[in-house]
Amino acid sequence: MITTATSTKTLETMVGMGQITAGGPPHKMKAVVGSCIALSLYHPRLKRGAMAHIVLPESAGRDGMPGKFANTAIPQMLDLLKELNTPAACLTAKLAGGANMFASAGPLRIGDANIEAVAQALRAAGIRITAQDVGGNRGRRVTFECEGGAMIVESAGQATKTL
Amino acid sequence: MPRRLLVADDAMIIRQIIKDMAVSAGWEVVGEASNGQEAIERYRELHPDAVTLDLVMPEHDGLHALQGIMEFDSEAKVLVVSALEQRGVLKDAIKAGASDFVTKPFDKRNLAATLEQLVPHTT
Amino acid sequence: MIETANENVKLLAGLQELFASATHDASAAMCRWTDGIISVALDALRQVALEDVAVELAVGDEPLTMVVMTLSGDLGGSIILMFDDLNGRQLAASLLGREAGTDPEWSELEKSALMETGNILGCAYVNALTRLVGMDLLPSAPYFIQDFGASVLQQALMIQAAAGDSLLLCDIGFHRQGAKLDWRVIFVPTPGLQASLAQSLHAAPQP
């Protein structure tokens, strides 16, 4: 699901796995991530942004929600922001997540793969990463604020970081 | 002279339960191990009369330990104590030299009796 | 389309019976482990949309105490026991035969009690499902994790998420002498394990 919040009455949106939300102040977008990546794109002058909850690195032609894969989420975020009259130029990115919570049965460390894929997709789109809190083995509760573009990252048992 | 027991399980609570049961039944618990490789090393060092051995352990598992212990001492008395009771797993354990098998969660009296059968108390 | 939907309903009903049967065995193991005090029962076999997982399972965004076991291979999955801190410590205390700890940090023995609970429960499921699919399933040693439930659940869901946007989860509840407890087990089978279980349904003799 993709949501666009334009009402000033909408204060907080929980962005679930594979979802993208876009909007302006006073909107806050939240996500709880482990191996997933919470990615925000923000235009500082227009104060509009979008956040995606990215699950997997690469769609490889598979169907799925656009926000689910790093390579489809970013183009979709740009389209959503365009609908809000927010051009891609001057957008900056912040990301959090990509943890490895436990040794899982899969062949790859999905958190690491997600970090790399998001970085690559941002490079391809010409969008600069200005801050990130990624990797490790802890979950993160992320809040992205459209007023100012801060990404607040909380991890259990650790100090809150403001990106 | 009390019989000497090595207890190998990654779960501290299980090691505690087995130790308490074994001491009540007249055993001397001479050592503990929390993974398969440690179980092999402690066996070589301590030469116990019997070992209780879990199968699912981190790093090196119980089957690895069983093989290592039997290579060192083909007469070793190893009682596998595991929550896994798949036919394939039991077969592998017996084939690798396990003397017997007790399923978790176990009855303490049953465990004591099984150990007694492996290494009878001599008066 | 209706036929496919009906087949899907039948498949889910069949899988629900399989997991209920496996849960019955797991419950017997839990009863033995807790001297008859605690049992488990299948609350629901859920098919949940990817984006709704955290909300549907009501894992919230507060830290939980969890024990995780993974099953490796194509016939695999993850088993996640979830407790809030208070309930987790109460379970550990009852297993250790003592009062619940009050230190902010869990002791190694308390963690061990919870992990072994996960091991016994997880292996009980593994034993039951092995009988159904006819192949050995390989569980990991348990992990003790205190973190956001949604974060841990995400990793457990990855293999299913790679295959589609609709996820199958077993939601299992704990009971103490008949009363429902605020603990749960979530079993996330891989698509491979789901397919093997579905095949075993077709192979089962018709009544």
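Chains A and C share the most contacts of the 2 pairs of chains in contact in this predicted model. No contact joins chain A and chain B. The closest C-alpha atoms of chain A and chain B lie 11 Å apart.

Two packed helices are described by the angle between their axes and the distance between the axes. Helix 1 (residues 12-24) of chain B packs with helix 4 (residues 108-133) of chain C at an angle of about 95°, and their axes are 7 Å apart. Angles of 65 to 115 degrees count as roughly perpendicular, so helix 1 of chain B and helix 4 of chain C are roughly perpendicular to each other. The residues that make this contact are listed by helix below.

| Helix | Residues in the contact |
|---|---|
| Helix 1 of chain B | Met12(B), Ile13(B), Ile14(B) |
| Helix 4 of chain C | Glu108(C), Leu109(C), Ser112(C), Ala113(C), Glu116(C) |

What kinds of residues form the contact of helix 1 of chain B with helix 4 of chain C? They divide into 5 nonpolar, 1 polar and 2 charged.

Chain B also holds an open sheet of 5 strands. The strand order is 2-1-3-4-5, and the pairing is parallel. Strand 2 (28-33) and strand 5 (100-103) of chain B are the edge strands, each pairing on one side only. From one strand to the next, the twist averages 20°.

Within this sheet, strand 3 (residues 50-53) of chain B pairs with strand 4 (residues 78-82) of chain B in the parallel sense, over 3 bridges. Leu53(B) has Val80(B) as its bridge partner in strand 4 of chain B.

Terms used
Residues numbered from 1 in each chain as written. Chains lettered and ligands numbered in written order. Predicted model: local features only at pLDDT ≥ 70, side-chain atom pairs only at ≥ 80, totals over all residues. Pairing = 2+ DSSP bridges. Helix = DSSP H or I, 4+ residues; strand = E, 2+ residues; numbered from the N terminus. Axes fitted to C-alpha atoms, helices over the stretch in contact; angles between N-to-C directions. Parallel < 35°, antiparallel > 145°, perpendicular 65-115°, else oblique. Contact = placed C-beta atoms within 7 Å. Nonpolar A, V, L, I, M, F, W, Y, C, P; charged D, E, K, R; others polar.
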